[in-house]
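Colleague: Can you take me through this one? I'd like to start with a loop and then go to the chain contact.

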Amino acid sequence: MDHHLPVLVVVTALVGAPLCILVRQPRVVWGLFTAITWSIAAMAVTLLLQVLSEGPVRYALGGWPPPLGIELRVDVLGGFVLTIVSGMAAVVAPYSLRSVEQEVDAARVHQFYAVLLLALTGLLGLTATGDIFNAFVFLEISSLATYVLVSLGRDRRALVSAFRYLVMGTVGGTFFLIGIGFLYVQTGTLNMLDLAAILPQWIDTRTSAVAFAFLTVGLSLKLALFPLHLWLPGAYSYAPSVVSAFLAATATKVAAYLMLRVFFTVFGQAVAFGELPVAATLPAVGLFGALAMSLVAVFQTNLKRLLAYSSIAQIGYIVTAASLGTQAGLTAGIGHLFNHAMMKGALFLAVGCIAYRIGSVRLEEIRGLGRRMPWTAAAIFVGGASLVGMPLTAGFISKWHLVSAILAEGQWGLVALILTSSLLAVAYVWRIVGFLYLRDAPSGAAPVREAPLSMLAPTWALVLANVWFGLDTRGSLGVATQAALGLLGGQP
Amino acid sequence: MSILAHYNDWAVIVLMMAGLYIVISTRSFLKKVVGLNLFQTSVIIFYISMANVTGAAAPIVTEPVDAADYANPLPHVLMLTAIVVGVATTAVGLGILVRIHEAYGTVEEDEIVRHDFDS
């Protein structure tokens, strides 16, 4: 049983999707969805613990040995990302009962959960696989499901946003496919470890460099690295609340994971940072993006849109840290990947609570909510503090390690960019808090009750996780350190 | 001569750039889907032409023989998957367009932006 965990994690979600369509009854489908996500989360945690104690797990699909067969391979980083993705799905599940009932047509609820499970399948499969073409297929499965999920938002602008996302996402995916083609024509293999073994002797060829460029640009589109981020604000603002929270915490993170795989597993640190100019370009691009997007976020009037721009800024941090190419940078990047999933998950869920009660997330509509929805507002306050990087929250740990990793490289200019962008984060978080607590409620506003417990509990679970991982970093940075070591070739 | 010898690559490049140009330049959502299709098709040709071995036969093998006599079948199989992905993308794209048409009465980006958009 344990031996089959890598494939069970993926197949359980995949089988759940058609089951949802067959069952149809909204409440039963929700129960099924919850059961599936919770069992996947349990399997992912088991797998992570197994990998931490015994080293990477390899699984030959159908018994065909690699490199001929497709291989699933879960190392510490893979197990960590599987845990993040399935954990987020499990947290979102109880929340979705009320939120989805309100935001999605009753006739479509079973389809909504089926598509959500397909998105989960794609994200998990992409993380578990050790075959680069297989990764492309799972990437497209998750992307296609995501386009559909975004288009299910109530506002008709959700449709346009979903279509724009589809166009840019498909271009990104196809770029990734072109990159794989160049790698295959150069090496004759698609297995990531096999590629890593064969590629070094061909690294001076232009084919390899072009492959690297296509893979990097394609993935940058998928993870919304500035300036390839244009699809993200619309997609996150108009999607149903559950989808915004789930995507913000997982989809771009998994694309970032795939980028780490390409940089460190397939090409290897020596190549990506020796022969190719990654360290000279990406950190600057990432941080400039973080600065620009934080600035744009300050002027947003829609709460979800504001958080979406902030997400792009945070992705900039992750890419910057990872593309320094040092162990400290990689640890900071992987740690921030986890911490950012916690904080954005918490914030988007809290904003979803507001949308559930007052039906709008425009800043002027949330005036004075701090008194009328105290728990939701407090969740936004703590989540925002974590986003800014206040001490005692997970965000502080991320920022601290990011800055020290950059300082170790002596890049003072980049540190200045981070600090400026953090100050801008203070500005936009303060703006939200000001509207929540310091303004009076609009006169004649209908009375508002606090959000239901089934929505508050998951939100607060993530908020408390932010505080927990701000105090005890064994579960986040401890694992991230091991994952970084594994990527850099030292056995974890 | 050496430029013409790579005619398959030129076909790929022309199709790819034409597709990408359509996606970027047109203001009609429907034409963007067509452009995406063209773009994806160019990648399929790229894979298929790299599987070719000069003078080789189709890879239908009944008994053990020299692999160099046959074209590489793996890219063909990969492209079957990529075609499925492409068809699925087109289907989802067109499905969203039908709903955009129901909601706005048009699939022209300019008119939709005029209807309601801050972005």
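Modeller: First a term: helices here are DSSP runs of H or I, at least four residues long, numbered from the N terminus. Also, this is a predicted model.

Colleague: Fine. Which residues does the cis peptide bond join?

Modeller: Phe226(A) and Pro227(A), with omega at about 5 degrees. Pro227(A) sits in the loop between helix H8 (206–222) and helix H9 (231–238) of chain A.

Colleague: What is phi for Ala224(A)?

Modeller: Near 60 degrees, which is positive in a residue other than glycine. Ala224(A) is also in the loop between H8 and H9 of chain A.

Colleague: Is Ala224(A) buried or exposed, and why?

Modeller: Buried, because 30 other C-beta atoms lie within 10 Å of Ala224(A), and the cut-off for buried is 20 or more.

Colleague: And what about Leu392(A), what is its phi?

Modeller: About 75 degrees, again positive and again not a glycine. Leu392(A) is in the loop between helix H16 (374–388) and helix H17 (394–408) of chain A. Leu392(A) counts as partly exposed, because it has 14 C-beta neighbours inside 10 Å.

Colleague: Switching to the contact. How many residues does it take from chain B and from chain A?

Modeller: 28 residues from chain B and 24 residues from chain A. On the side of chain B that touches chain A, helix H3 (29–51) and helix H4 (74–104) of chain B each supply at least two residues.

Colleague: Which element gives the most to that side of chain B?

Modeller: H4(B), with 14 residues.

Colleague: And what is that side like by class?

Modeller: The side of chain B that touches chain A has 20 nonpolar, five polar and three charged residues.

Methods. Residues are numbered from 1 along each chain as its sequence is written. Chains are lettered from A and ligands numbered from 1 in the order in which they are written. This is a predicted model: local features need pLDDT of at least 70, side-chain atom pairs count only at pLDDT 80 or more; totals for chains, interfaces and linings use all residues. Two residues are in contact if their C-beta atoms, placed from the backbone, lie within 7 Å. Ala, Val, Leu, Ile, Met, Phe, Trp, Tyr, Cys and Pro count as nonpolar, Asp, Glu, Lys and Arg as charged, and the others, Gly among them, as polar. A residue is buried if 20 or more other C-beta atoms lie within 10 Å of its own, exposed if 12 or fewer, and partly exposed in between; C-beta atoms are placed from the backbone.
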